[in-house]
Amino acid sequence: MSLYKIDDVAKECGLTKRTIRYYEEIGVMPSPQRTDGGTRLYTREDIDYLKKVVRAKEVLGFSLQELHTYVATADALNEQRFDYQQTTEVRERIEKLTKMETTLDDQLQLIEQKLQRIHAVQEELEELRERVQNGIRRLEGQKNT
């Protein structure tokens, strides 16, 4: 298994080392293993996890609070997937799938709330643009008279 230093992780994920350390500090990302000298060593799984965090922040525009919730929900979903795979009894599998569905609903609700806020901002901007366009037309009409 290959291990990577923070410089390599920062470059691959497009983040600063400071940001990565901050994400660890606030619990958005789990702390990696360390050498005896304290150097952080990241696995490929750590890097992939961090890339998901970056995507959620950049693409979805999550705040750090929302990001923390999103990551916690994603972690819970991964645990639930593992539990499901370890179960063979049909009744237990149904229970596990039901828990997964609830977790997915929670994650989708986070995204839906973000989309609603984005749409509200979009509507405000569209209304403002319409008022500006009306003002332009009104002024152009006055100019011609």
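**Note on the predicted model**

1. Among contacts between residues at least 6 apart in sequence, 55% join residues at least 24 apart. The model is predicted, and this figure, like the others below, is computed from it.

2. The protein has 5 helices and 2 strands. Read from the N terminus, the elements follow the order α-α-β-β-α-α-α. The radius of gyration is 23 Å, well over the 15 Å that the globule rule gives for 145 residues, so the protein is more spread out than a compact globule.

3. The C-alpha trace spans about 80 × 50 × 20 Å along the principal axes of the protein. Of the 145 residues, 26% are buried.

4. How do helices H4 and H5 lie, and at what angle do their axes cross? H4 covers residues 64–86 and H5 covers residues 90–143; their axes come within 9 Å and cross at roughly 160°. Angles over 145 degrees count as roughly antiparallel, and H4 and H5 are therefore roughly antiparallel to each other. Their crossing is left-handed. The residues of the contact of H4 with H5 comprise 10 nonpolar, 5 polar and 9 charged.

5. Glutamate 24 is a residue to look up in the structure. Glutamate 24 sits in helix H2, which runs over residues 17–26. Is Glutamate 24 buried or exposed? The relative accessible area of Glutamate 24 is 8%; because buried means under 20%, Glutamate 24 counts as buried.

6. Leaving aside residues up to four places away in sequence, Glutamate 24 touches Met29, Pro30, Ser31, Pro32, Arg34, Arg40 and Tyr42.

How values were computed:
Residues are numbered from 1 along each chain as its sequence is written. This is a predicted model: local features need pLDDT of at least 70, side-chain atom pairs count only at pLDDT 80 or more; totals for chains, interfaces and linings use all residues. Side-chain values use heavy atoms; hydrogens and water are left out. Helices (H or I, at least four residues) and strands (E, at least two) are DSSP runs, numbered from the N terminus. Buried means under 20% relative accessible area, exposed over 50%, partly exposed in between (1.4 Å probe, protein chains only). Contact means heavy atoms within 4.5 Å. Axes are lines fitted to C-alpha atoms, for helices over the stretch in contact, and angles run from 0 to 180 degrees between N-to-C directions. Angles under 35 degrees count as roughly parallel, over 145 as roughly antiparallel, 65 to 115 as roughly perpendicular and the rest as oblique. A crossing is left-handed if the near helix is turned anticlockwise from the far one by less than a right angle, and right-handed if clockwise. Ala, Val, Leu, Ile, Met, Phe, Trp, Tyr, Cys and Pro count as nonpolar, Asp, Glu, Lys and Arg as charged, and the others, Gly among them, as polar. The radius of gyration is taken over C-alpha atoms; the globule rule is 2.2 Å times the number of residues to the power 0.38.
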